[in-house]
Amino acid sequence: MDLQDKVALITGAGVRLGQAIAQKLGQLGMRIVIHYHHSEKGAKQTLKLLPGDESRHLILQADLKEVSAIKELVRNVEENVGPISVLINNAADFFPTPFFSTTEDEWDHLFELNLKAPFFLSQTVAAEMKKRGEGKIINMVDVSADRPWVGFLPYCTSKAGLGSLTIGLARALAPEVQVNAIAPGTVLPPPDHAEMDLSASVERSLLKRIGLAEDIVQAVEYLLKSDFVTGTILPVDGGRSVY
Ligand SMILES: NC(=O)c1ccc[n+]([C@@H]2O[C@H](COP(=O)([O-])OP(=O)(O)OC[C@H]3O[C@@H](n4cnc5c(N)ncnc54)[C@H](OP(=O)(O)O)[C@@H]3O)[C@@H](O)[C@H]2O)c1
């Protein structure tokens, strides 16, 4: 698929990996829809990082836990910049949930945002993609999906579900739409992440470092440029999954 001037919707594009992915897709000539939830300032910074006239791109706010907000978001994109060719399901939440104290609200929150939202976003954009005969969806999974961390079971299992959804969507939407996932290891840890946890991540990888945003961005670029890869979950984890 020729990416030039096509529309890419990147969820959670006001911060960190989402912002880095948006910047790269802008450099590849795409029109970028920067979705954010609370990071309005970050979304505006992302816009400043994009090449070309700002009017080529769009910033939109939505709480993706609401299916009605997802439908409204996609309608807004289509009306203002045109049909979506690339969807990057990047927005997610991540926090510890010790097994015996995890609440129903925590479980529902993580599954609604990390799994239900990518499902309904994909459902909402895919019919148009199939009709136009092209489209790419990339889901951000996690290396911990296959070997869940006991203190983060709802997060890890929501990401395992997203891995399964990736394969299911690839089958459901072929041959017009390619659906893949990236499973990062530790990349850009949250600022409050304990030093000890970080050194454990480094220790449990083959390449003995944490990832950079650029490592993930390169994987996104590869999956968008390939026309012969679908239904795959690409680990970008310094070898952590095979340690
Ligand atoms: N960083 C890593 O090391 C790592 C490792 C493995 C997997 N991943 C995955 O890679 C992706 C990006 O990671 P990251 O660390 O850059 O993420 P992050 O910093 O935690 O950002 C999460 C994003 O989700 C958005 N979000 C949160 N709640 C939302 C809601 N209710 N509705 C809509 N959007 C909402 C946030 O938007 P606002 O800021 O606008 O509120 C934010 O942009 C995630 O899917 C993550 O699970 C990351």
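**Figure 1. Asp5, in the segment before strand 1 (7-10).** Strands here are DSSP runs of E with at least two residues, and helices are runs of H or I with at least four, both numbered from the N terminus. Residues are numbered from 1 along each chain as its sequence is written. This is a predicted model: local features need pLDDT of at least 70, side-chain atom pairs count only at pLDDT 80 or more, and totals for chains, interfaces and linings use all residues. The phi of Asp5 is positive, near 65 degrees, in a residue other than glycine. Asp5 is exposed because it has 11 other C-beta atoms within 10 Å. The cut-offs are 12 or fewer such atoms for exposed, 20 or more for buried, and anything in between for partly exposed, with C-beta atoms placed from the backbone.

Figure 2. From the N terminus on, the elements run β-α-β-α-β-α-β-α-β-α-β-α-α-β. The radius of gyration of the protein chain is 17 Å, close to the 18 Å of the globule rule for 243 residues, so the chain is as compact as a globular protein of that length. That radius is taken over C-alpha atoms, and the rule is 2.2 Å times the number of residues to the power 0.38. The C-alpha trace spans about 45 × 40 × 35 Å along its principal axes. Buried residues make up 43% of the 243 residues.

**Figure 3. Confidence along the protein chain, with a mean pLDDT of 96.** pLDDT is the predictor's confidence in each residue, from 0 to 100. In this chain, 98% of the residues reach 70 or more. Strand 4 (residues 84-89) has the highest mean, at 99. Helix 6 (residues 195-203) has the lowest, at 81.

**Figure 4. The shell of 26 residues around the ligand.** The closest are Gly12, Arg16, His37, Ser39 and Ala92. Helix 1 (residues 16-27) gives the most to the shell, with 3 residues. Arg16 is in helix 1. The phi of Arg16 is positive, about 45 degrees, although Arg16 is not a glycine. Arg16 is partly exposed, with 17 other C-beta atoms within 10 Å.

**Figure 5. The largest nonpolar core, with 62 residues.** Such a core is a set of buried Ala, Val, Leu, Ile, Met, Phe, Trp, Tyr and Cys residues joined through C-beta atoms within 7 Å. Ala8, Ile10, Ile182 and Val220 have the most contacts inside this core. Helix 4 (residues 104-132) gives the most to this core, with 8 residues. Ala8 touches Leu25, Met30, Ile32, Val33, Ser85, Val86 and Ile88, not counting residues up to four places away in sequence. Contact means that two C-beta atoms, placed from the backbone, lie within 7 Å.

**Figure 6. Pro184, in strand 6 (residues 177-184).** Pro184 is buried because 24 other C-beta atoms lie within 10 Å. Leaving aside neighbours within four places in sequence, Pro184 is in contact with Asp142, Val143, Gly211, Ile216, Val236 and Asp237. Pro184 and Val141 are 43 residues apart in sequence and 7.0 Å apart in space, C-alpha to C-alpha.

**Figure 7. The cis peptide bond from Ala174 to Pro175.** Its omega is near 0 degrees. Pro175 is found in the loop between helix 5 (153-173) and strand 6.

Notes:
A residue is near a molecule or strand if its C-beta atom, placed from the backbone, lies within 6 Å of it.
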